[in-house]
Amino acid sequence: MPRSSWYRGDCHVHSVLSTAGELTPQQLAAAARAAGLDFIATTEHNTAEGHGAWAAHAGPDLLVILGQEATTQTGHWLALGIGPGQSVDWDYGVQDHLVDEQVDRVHGVGGLCVAAHPHAPYPTGDFAYPLQGFDVVEVWNGQWASDRPWNADNERALAEWAAALTAADLRDGSWRPAMGNSDTHLAGQLSLPHTVVLAEELSTRAILAGIRAGRSWIAESAAVGLSLTATAAGHGAGIGERLNSLGEPVNVRADIRGVPWATVSFHTDHGGVHRAPELPAHGAGAAQWHTTARESGFVRVEVRHPNGHMAALTNPVVLT
Ligand SMILES: [Zn+2]
Ligand SMILES: [Zn+2]
């Protein structure tokens with residue numbers, strides 16, 4: 001098995017082919033490389049017409065995942081990893097019972113379905129579909145935020161996602177991981193935020209597998225670094241992985257860089273359980289917490305700026 005690496009990517013990106021999009025594929029690819037991204041997904045509104053334009057701009061250092069955003073009447077969703085030119089229907093609402101068939105078609109080609117910005121501030125932005133069938137929730141969407149890519153709509157999406165996480169679902173794999181994307185339409189938005197994924201290689205198949213399994217965390221920008229490890233009985237497990245603690249005490253450690261004066265908090269099936277002392281001005285440091293698998297079915301971490309805005313958040317490590 002190849003050794004896995006962490007790859008940074010933004011899976012919600014519009015070009016001039018989308019309403020209000022002002023960047024060409026060439027400009028977006030240059031911006032992705034400049035922002036330190038390893039992959040992006042092309043997700044135009046309701047069309048796959050632009051897929052062919054991307055081959056010229058991808059390369060060994062920049063994977064372009066083919067996708068689409070379906071802006072339905074009762075919520076938007078992303079299809080990631082569809083075939084070249086494959087499009088997804090969008091002209092329906094939750095009352096039409098047509099979404100399942102579209103989601104099945106995406107899964108049929110190995111693709112991933114993302115519930116996009118569940119509480120975006122416009123009439124079709126509230127995501128009304130049952131989450132069954134969807135693989136991932138975009139709890140952090142950068143489009144409508146101002147100076148930093150975090151706002152009240154994201155806070156609400158995160159709170160709902162967090163409240164739905166259960167230890168039982170995590171153990172049997174029926175949970176939905178979180179992801180974050182910029183929803184870029186304009187210059188300067190790409191990568192704010194993005195998702196950092198553990199994958200065997202930089203390919204659509206491997207990246208989507210990492211996202212699907214929750215082996216990922218969300219970064220405000222590429223300036224932010226984070227690792228989270230739970231260890232017990234001489235074993236360790238990371239984000240999206242499972243630690244068999246053998247009943248021994250579990251040490252949870254988060255290492256952060258790039259977030260001056262950050263507050264690091266630990267969250268389990270009992271909600272927020274521990275807040276570490278703030279990081280120093282240079283923004284790098286570690287935060288630790290101790291628990292047991294009996295006490296906590298999983299643990300995840302949020303890293304916030306002093307003003308409460310998110311800097312990074314992880315998917316959970318499962319504790320058994
Ligand atoms: Zn949208
Ligand atoms: Zn969008």
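Trainee: Which residues are the protein donors of the zinc ion (ligand 1)?
Mentor: Bearing in mind that this is a predicted model, the protein donors of that ion are Glu69 through OE, His76 through ND1 and His117 through NE2, and they lie 2.1 to 2.2 Å from it.
Trainee: And how are those donor residues spaced in sequence?
Mentor: The spacing reads E-x6-H-x40-H. Glu69 sits in strand β3 (residues 63-72), whereas His117 belongs to the loop between β5 (112-115) and β6 (136-141), so the pair ties together parts that are 48 residues apart in sequence.
Trainee: Are Glu69 and His117 buried or exposed?
Mentor: Both Glu69 and His117 are buried.
Trainee: What does Glu69 coordinate, then?
Mentor: Glu69 coordinates both the zinc ion (ligand 1) and the zinc ion (ligand 2), and these two ions are 3.5 Å apart.
Trainee: Switching topic, how many residues of strand β18 are buried?
Mentor: Strand β18, which covers residues 310-314, is mostly covered, with 5 of its 5 residues buried.
Trainee: Which strands are joined to β18?
Mentor: Strand β9 (residues 216-219) runs antiparallel to β18 and is joined to it by 3 bridges, with Ile218 standing opposite Leu313 of β18. Strand β17 (residues 298-304) is also antiparallel to β18 and joined to it by 3 bridges, and there Arg304 has Met310 as its bridge partner.
Trainee: What about the hairpin of β17 and β18?
Mentor: That hairpin has 5 residues between the strands, and in it Gly308 takes a positive phi near 95°.

Conventions:
Residues are numbered from 1 along each chain as its sequence is written. Chains are lettered from A and ligands numbered from 1 in the order in which they are written. This is a predicted model: local features need pLDDT of at least 70, side-chain atom pairs count only at pLDDT 80 or more; totals for chains, interfaces and linings use all residues. Side-chain values use heavy atoms; hydrogens and water are left out. Donors are N, O and S atoms within 2.8 Å of the metal (3.2 Å for Na, K and Ca); water is not among the atoms, so sites may look incomplete. Helices (H or I, at least four residues) and strands (E, at least two) are DSSP runs, numbered from the N terminus. Buried means under 20% relative accessible area, exposed over 50%, partly exposed in between (1.4 Å probe, protein chains only). Two strands pair if DSSP finds at least two bridges between them.
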